[in-house]
Structures are given as C-alpha cells and as structure tokens.
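Let's take a look at some aromatic rings and what surrounds them. Keep the model open while you read.

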Amino acid sequence: MRRPFLYLFTLVCLCMATVPAFATAYTAACTPLMMHVGDEVPPGIYTVVSNAAPTVQVGAGAAVFATPPPLCSPSATKTSTVGSFNSTMNPGTLANPGTDTVTYVNGTITVIAPTAINSGAKLNDSIAFPPGFFSAGAYPVINAMSNGICTPVPDGVTDNSDCLTYLFSMMRGGDAVQVSCTGTSIVTGLSGTPFTGITTGPMYINGAMHQIASVQSATSLTLVSGDICPTMTNKIARLPRTMVSTIAGNPVVTYVSGPQFLGAGYVAGSSATKVQLKSGFFSSIAAGSTITATQMTLATAPTFTSAATPMYNGNLFNGTTNAGFIPFFIYFPAGVYATSDQITPLGAYWSMWGDGPYKSIFKLLPNSAVGSVSGSFWNQNAVNTNNTYNVNIFNIGFELGAGNPSIDVTEYVPSNYAVMGNIAAWADDSKCPAVLNMSRAEEGPGLLKNFSMYGCAEAVLAGSTTFAMTGENITIQGQTSVGIFGNQLKTFWRHLFSFQPFGVPAMTNLDLNSSAVVMDSEVYALNGAIAFKNSSTSGFQPSTFFIKNTTLNGYTASITDCGTGTCITDAPGNITFHSTGTPQSLFDTAVTPNTLNLPVQETPVASDPPAATWCQFGDDISTWGTTMAGCGVSTIYAPPGQYGLNIVASGTYSITVPDSINHVNCNYAAPPPGTTYNIVFTIAGVSTTPLIIEGCPEGQNGIIHTGSRTVVILNDKTSSYTSSAGAGNLFCENCILGGSTPIVLQSSQSFWARQLNQEQPLTAKLQCSGCKMWILGYKTEHNGSNIILTGGAYAEIYGVSALGNPGGGPNGTMFELTDSSLFFTGTALTQCTITQGSGACNNQWTDWVTEIRLGVTENYGVLNATTVGGTENMGAFYSFGAAGGNSPLPQLFQIGNFIRHGRFN
C-alpha cells in the first residue's frame, strides 16, 4: 500500500543542527484533516517518519521522543467559515537530542460547506443531565468522581489504571453473596462467598454502594456508622476485590487480602469460571486442581510478578444472571482519565455516559506497557461469544497517546442491540493498527451512530463471519493503510464521511463472505488511487459491495471489484449505483435494475426543554401513568436503574401518552431478572411532533399505536408493537420489535429502521400490507417466512444478515411478496448442525424470495441451501411488482456501466 506522507505538507521549521554520523533525521507533520462548517474540530493527530524511509511511519514512541512527545494544535473552531486553517506542530523532546534531528511540519484543516448528502458524525460536546439522573432506587448511575470505590484524577497525566479497573470490575467481577438486611448497619450473609478475610472496603448491595466498618464472622459484618442497609432478604451483594500475589510463568496465585477463595464462585475446570487479574487478563481455573482458601492454580499462568495485584471473579456473568443481567451504569464527568493499562468493561447490560466526546476522554498514556503487546486500549470483554446485550456508550472520547504502536484504540463486541453514540476516537501519532476493532468472534449486530475516527493504519477492522454491524453518520480520516477493512464481517454504512490525505482506499473488502453497503456518503482523498476495493471471490461466497449515491473526490478510480471472478475497475467519479454481480429479479429482468428510491427520512431527534425542567418517573412503575398525565413539559425520564422490584411479577401497567409529551427516555433501564411485568404505552394522539420512546426496561415495554402521530423507538427491545388502520409512521433505530405474534404494519404507515434485529421464532416476523419500509442493517434468524409484503407494499433493505437456525426447521423463505415491490442486498448463511443424506442441511434458508405477480408464483432460491456451513452473498435483488410490474416511484438514478456481471455459480 503506498503511503506518500511527506509531499503533502508545507515545510515551516527546520531544526538547525549539524547532523553527525549515524544520526537519524525525522519529520513530524500534522495530518491534514477536513470538517464541515459547524462540526466539532477534529483532534490534532500527526505522523512521524524517518527521512531515510519516508513512506514508513515510525510514530512518536520513546525511541524517538522523550516526554513530552509533539503536539499538533488546530486553529479551526466550530464556528469557522469555509476555508483552510493551520494546524501547528509543536515540538517534542527528542530522546537523543545530541544526535537525532527533527523537522516539524504544520498541517491544515479544510473547512467545507455542508452538502446535501450531509454525511459524517454530528458530535455534540454540550451534554446536559437532569438533576435526578443519579437517583434511581436500585442500581443507580455511579458517578466516577463521587463514589465509594475510588476517585480517579482526570488531569490527563495521573495514571488511573488501578482505579479505572476497580470502577469497571467490582460491580461485575466482585465475589458475590446473597444477603439480608433489617434496616440497620448489620448485613447477614445467607449463601455464596463468606466474609472471611475482609476487613474494610466497599460493598455493593442490591445496586447500592455501602462501606464496611468491621467483620464479625463469615456471615456477619457491620457497615460504617450511619450507613443503613434497607430491609431486604436474599439480595445479591458484591464484595471488595481480592488481592493476590503472582509470579510470571507460574500458574499458582496466592491470597493476600480481601475475600478468600471460598464459596461457589471458584470451580476447577469449569468453562464458566474465569478470573480477572489486573485489567482484562482472564484465565480459567485449571481442571483437577485443588482450590484452598488461600491458593488456586490457573489454567494459564500470569505473565507478570506482583506481591499484591487485584483479582476479580468472573463467574458472576454466567448462570442465572445471564452475562450480567443485573445492570451497571457509570458516568464520567468532563476530564481526561489517563491510564497506562487496558480498560476492560465486562459483561452485558451496562451503559456509560460522559459530558461529550472531547470533554470526557479516556487516554492511554504515551509509551505504556500495554503498547508492547497487541490488544485494545478500550477492551470491551464479552463473557461468552454472543451474549453482550444492551451495551451502550455515549458522549465519550478515546485517545491513544504516542508510542503505543500495536494497540487498537477501541474494541466493541455487541450482541443483538447495542450502540456507541456521540463518540470520538483517535491516536495522537497515528501509529496503531485500528481505531475500532470489530473482528472478534460473533461480533454484532449493533449500531455505531455519530462516531468519528482519526489516524491508525485502519479506522475500522471488521473481521467476524456471522453477524452484522450498522453505522450511520460516521467520520474516518487520516488512516495510513485503508479507511475500513472488511474481512468477512457484514457492514452497512450510511452517511460515511471519509478523507484520506495519504491517498489510501476508503474501504477494502477482503476474503470470502464479506458483504458491505455504502450509501449517501462522501469520500475524499489527496492523490488517491482507488476509493473502493473488493478483492476475493469463490463460487457463491464472494465479497460483495453495494454502493449508492456516494460522491468521490481525489481518486483516479472509483472501484476495483473482483467479486465475480473478473476484476473490473471503474473510472473516477461519483457512484450512483454499484452492485457486485448482476442484480437479480424474478419478473423484471427486462427492466433496468434499480432500487425503489423510497424517500428516506432521518430519525427524528428530540427537542428537549432544559434538563432541569424534565419530569421524573419514580421507582414505582404503577405511578408512571399518573406522573406522565401531570407532566407540564414535553420530556419525561426515568433515571438509569433497575425497575420493577416493588410490583407483582405479572403486573401490566397501561400508560396513555398525551400529545403534550414528545420524549420518554428510560435511559436503558432494566427489569429484575425473571420479571414478567409489562409497561404498555398507548399512542392514540394526532400531534405532528414525533413521540420518541427510548431505552425502556428491556423486553418489558409494549407499544399500541392507534393514532396518526409518528412514533420513534430508540435503542430498545420492546415486548410487542401493534398498530391499527390509520396509525402514523414508525421509526426504529437499534431495536428489536419483539413479541410472540408477527409485527404488522398498516397501509397508512411508512417505516424507517436502522439496525433492526428480528429473530422471533415465528413463521412471519414482519408483515407489511401496502406500507412503505426502508431498513439499513437487518439481522434475522430462525427459519420460516421472514418478511411478508402484500397489497402494493414497497420495501428497501440495505444489508441483510440472515442466519439459518439449528433446529429451526427446513424451507425457510426470507421474503414473500404479492404484487409488491422489493429491493435488498445482503447475506444468507447457515448454522447447520443437523444433516441429512450426504452433507445436506435441513435448517437453512431455502429461498431468498417467493414472489406472486398477478397470480403467477416464482421462487428465487438460495443456491447453497443444502450445503452445511454455506453462505450466499446477494449483490442486489429487485422487484417492481407494486403496480403490476411498473414501479410508480421515480427512477432517480441512471445505472450506466455500474452493473456487474454474473450470478455466483
């Protein structure tokens, strides 16, 4: 890959020195960046190269620069008008000042006018929280700067490694005990880990933080004076961490202080038993080993020697708690939280907030120990491979300090529904593998929304094989190898803004089974060769691209696509419609292939009054209807927490939402495990202002939509959604429309969805009679008819990830349509474990499409439907059946020479 660093920059300063023999001359240069008028200003990233090899980046590590390294300072502001603005390269301190020299080169930030496409991240650095945000009765938000565990120093310099690990790990990896309390300071242990070995420290009881004063016995302790434990019985409590000693290469760890190795949390040889040493070091306990109160043998030896290092017990994530179903919420006020180690959030069902991506920042300090090995700085850790549900990160920045050359900035491993929103991530010296690593097994589905990434070899590394990730409003800039590198993962992008000053591709798909969508995007480069590369092919398992309505500037060719087995390179210019392989159709092969060009509306954004005025739901869900009816402002919220402790398990709570309420925000609240209560919101109003329902208790909230008002469901797993004739439009972003019956959309409705995950074990998951449906990123599993279109319906689906399900039964059909119109692109794949005959599979999708047109039925089969472990990627399928074969919607884009050739057989 060519990396033409130096000729892009304007020389402004030469260090005046006679260069002795064996000296090294370096160039440190601010990376040119771009922004739209009104955007938050990008961070000042830079590159460092040796002049002897100017195409090889060396970074600003300790071998080149002592503390401090260089700093690049942009002069542009959020209010800057169209034009070019300097980024000043501030000198660092050379590690070998007597021999080495450095040339410092300023850069530029080019401010451009917003375009009609309106691509890129829309970051918000002015976040406000209501006054009751921290007041939930159970499992409230932990304020990182005011809590009973530890308090970090957010000055950007102090090493907070131990404190940050403790904050993220105690609520998920502290030893567990079931306790009872009687409204005093006495806590009684009922089962689980005994109190033996504890002296003082924090104790997290039923979602509330307490402090231990003294321990009387293995089952009795006293909290500090005035710290009252409310009356309760058989509730989960988490104990202070255990400190152990380790010897590098020796699998035996020895107890030092805290809870001893007692109770059910330690099971030798169990795959469910894990321990965490320091940050993110997981190891099972060796099978056949003897665990005593003070010594255990791990299956994998620690790599470090320590007289006292923290250890957390990961067993809590499994069993009845189902990967951490008891929630964890944490908030980091404005500040730079520096650390020299990984940050490893654990498990599922947790959410984190900051004050803004350039205000609340996690920073890996320059030349940290973690930088000598591969891995990720922000290392989200799934307990098992595919149960990291409802993991949400908002308003946070992630900064990789100079001299960490083999560390990815972030790693995100969501499952089913989860979101990273209003995020910025970057590497100061651009020397790192990836800004965002999405290559772990069974990655996704999940949503990236308003996410900016700067520097590194790649912005995104995508390399899983099964699920899909969806991104909207994404900015990637300043990569030195490729913007987005796709290796088998299904990725669906809209409103991507890419600027590559080193001329590298915006996206490369490599290896089999990749499937990518890029639409409504802007791609820029300086002296770029090819904007998009699609590299591999094999039968019906090629990598496929679908690209639509994307502008290109600065590349000599738009696409090189080898997906059909023959590499074809297109001339430079905007891309209106590109599909790997000939678009397929059953009835309309004589019609020019195209999408349906449905009008796309952006997901409505809440226009909230000042946060201090919002109405607040109480802990008792039975009062929510009354609270809403009496609310005098347009926004009502529930503080993040657990709700439903005080109600009968099967309670149903009906709430009619008045037209005066525009935003119901439950902040990703959770029900107690095993709860079956249901909150039912009825929307019968006629307001022209959309109603936004966000993050309500998972799987416990239903929606009855009877009025003409538009409804927006954000980051939510509903228990059910039902609508009536005449119901208003529906938006669904990062959500699961659940239920034991199919979701039925009315002819009066238009439906826009981003990151929709429908996997109900039903024969028809989503039905649309006469409606209009537009989806970016659709994941589904469980066989049986999936989406049914009738009555002149229209559906466009950009990015399908359809999994055949073991035991789901044969003869599944993805799409059934009768006199309706359909466009889609995506992947059908199998999880076959059941075989019949010679390698056949009886639980794969049999047909992509069953279409009835004016009484005639045709099927479009999945070619490898009887191949165990097979996959088929569909470049594009189209049908114009809503009006007897002639789509009434305008053909907005001409196809020209962008159609590719051949079905994959």
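**Rings, charges and a core**

In this model, the charged end of lysine 278 sits over the ring of phenylalanine 304, 4.5 Å from the ring centre. For "over a ring", NZ of Lys or CZ of Arg has to be within 6 Å of the ring centre and within 35 degrees of the ring normal. Arginine 241 does this too, with its charged end 3.9 Å from the centre of the tyrosine 166 ring.

A quick note on the source: this is a predicted model, where local features need pLDDT of at least 70 and side-chain atom pairs count only at pLDDT 80 or more, while totals for chains, interfaces and linings use all residues. Residues are numbered from 1 along each chain as its sequence is written, and side-chain values use heavy atoms, leaving out hydrogens and water.

Rings of Phe, Tyr and Trp (its six-membered ring) pair if their centres lie within 6.5 Å; planes under 30 degrees apart are stacked, over 60 edge-to-face, and the rest tilted. Here are two tilted ones:

| Pair | Centre distance | Plane angle |
|---|---|---|
| Tyrosine 358 and tryptophan 426 | 5.6 Å | 50° |
| Phenylalanine 362 and tryptophan 378 | 5.5 Å | 40° |

How buried are these rings? Tryptophan 426 has a relative accessible area of 5%, while phenylalanine 362 has 1% and tryptophan 378 has 1%. Buried means under 20%, exposed over 50%, and partly exposed in between (1.4 Å probe, protein chains only).

Phenylalanine 398 touches several of these residues, including Phe362, Trp378 and Trp426; contact means heavy atoms within 4.5 Å.

Terms used
Lists of a residue's contacts leave out its neighbours within four places in sequence.
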